[in-house]
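Me: Hey, I'm new to this one. Can you walk me through it?

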Amino acid sequence: MKTLEMSLLAGAYVQPRLPCNCIPTLSASCKTQKTATAITVTTHKKTEKAFSSGSLDQTRGAQPLPEKKKRVFFLDVNPLCYEGSKPSLHSFGRWLSLFLSQVSHTDPVIAVIDGERGSEHRRKLLPSYKAHRRKFVRHMSSLQRFSSGHLGRSHQVINDILGKCNVPVIKVDGHEADDVVATLAEQVLSKGFRVVIASPDKDFKQLISEDVQIVMPLPELQRWSFYTLRHYRDQYNCDPQSDLSLRCIVGDEVDGVPGIQHLVPSFGRKTALKLIKKHGSLETLLNVAAIRTVGRPYAQDALKMHADYLRRNYEVLALKRDVNVQLIEEWLVKRDNHNDKIALSTFFKYLE
């Protein structure tokens, strides 16, 4: 997927966190109605289920300060496994090392991997959706050779290193990682946590809010950087709720989703942004355009003639939030990071 724009993020600050000794432990599986759901959690100790509560600094006679919501990170694994368009486990290891040491520290981390056949339902709606990526998946599976001299699948190595770093790994067959993250993020928010999604994928912009941020890898700076609601508003002069509707009109060439400008060249981003900001959402805009004038004749005609085209784009680009996967309490405790250095060192030696 197309990565998020970097221009606003060069100065974003990664806040250090203090270490803590807690480890989630779990191994579970569940099933959806049509496909199997593989949930893998590799850890080494058992820990209590209760959420830890931070202490508040107080002075005598003063009211206690409100406790800041704690963070839960989602690690979007697949896009980190590429160096440009080339599959690379070294790239994954490098970004994982920076992420654990500089970003998440001991905060809970939930890693999510694309499930088998995850894009099929979207490709049925739009055959061009991510069509160019299939060859990269085959390339990774068939050509990745490890130092032990045998061919292996990359996800087995990834599961192993994440397990040794006490990070649960979630994979739901029939669903892309994006949809699993969107579903679990809502469950995390309902428990009073903040959510941070570690990914270069711009599709997650539609989830940004006061309590949902993105932290993205910056290859040119070799570090992670936060992208927040303020960054989004400064960049687009609108709220993230408009992001999905806007992309349905202008399209997403990287994901193979054509915009309306392919049918009506004069209908560009500026027109789309103006209409979405005025009407709030794509569906409202299309409903209003069906009964009265909303803009210039070319825009009016395009919205009436190609309403189904735009609604299809919406169904393809919208993240699903109803994946049959349930948050488990052990995933929300602080992560034990004492094994990180030796686990990552062993991982890189294995790839030599």
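Reply: Here is a short tour, from the overall fold down to a few single residues. This is a predicted model, where local features need pLDDT of at least 70, side-chain atom pairs count only at pLDDT 80 or more, and totals for chains, interfaces and linings use all residues. Residues are numbered from 1 along each chain as its sequence is written, and side-chain values use heavy atoms, with hydrogens and water left out.

Me: Ok, helices. How many residues of α7 are buried?
Reply: 8 of the 8, so α7 is largely enclosed by the rest of the structure. They are Asp243, Leu244, Ser245, Leu246, Arg247, Cys248, Ile249 and Val250.

Me: What covers them?
Reply: The cover includes α6 (229-236), β11, α8, α9 and α11. Contact here means heavy atoms within 4.5 Å. Just after α7, glycine 251 takes a positive phi of about 85 degrees.

Me: You mentioned α11. Which of its residues are buried?
Reply: In α11 the buried ones are Ala307, Tyr309, Leu310, Asn313, Val316 and Leu317. Their cover includes α7 (243-250), along with α2 (120-125), β11 (251-252), β12 (257-258), α9 and α10 (297-305).

Me: At what angle do α8 and α9 pack?
Reply: α8 (residues 269-279) and α9 (residues 282-289) pack at about 90 degrees, with their axes 9 Å apart. That makes α8 roughly perpendicular to α9. Axes are lines fitted to C-alpha atoms, for helices over the stretch in contact, and angles run from 0 to 180 degrees between N-to-C directions. Under 35 degrees is roughly parallel, over 145 roughly antiparallel, 65 to 115 roughly perpendicular, and the rest oblique.

Me: Which residues meet there?
Reply: From α8 you get Leu275, Ile276 and His279, and they meet Leu282, Thr284, Leu285 and Val288 of α9. By class, that contact has 5 nonpolar, 2 polar and no charged residues. Ala, Val, Leu, Ile, Met, Phe, Trp, Tyr, Cys and Pro count as nonpolar, Asp, Glu, Lys and Arg as charged, and the others, Gly among them, as polar.

Me: New topic: what lines the second largest cavity?
Reply: Arg122, Tyr129, Glu176, Asp178, Asp179, Asp203, Asp255, Val316, Leu317 and Leu319 do. The elements giving two or more residues to that lining are α5 (177-190) and α11 (307-317). The lining divides into 4 nonpolar, no polar and 6 charged residues.

Me: Is histidine 105 buried or exposed?
Reply: Histidine 105 counts as buried, at 13% relative accessibility. Glutamine 222, in the loop between β9 (212-218) and β10 (223-227), also has a positive phi, near 55 degrees. Glutamine 222 counts as partly exposed, at 35% relative accessibility.

Key. Helix = DSSP H or I, 4+ residues; strand = E, 2+ residues; numbered from the N terminus. 1 Å grid on protein atoms, 1.4 Å probe; cavity = no way out; pocket = protein on both sides within 12 Å on 5 of 7 lines; lining within 4 Å. Buried < 20%, exposed > 50% of the residue type's maximum accessible area, 1.4 Å probe, protein only.
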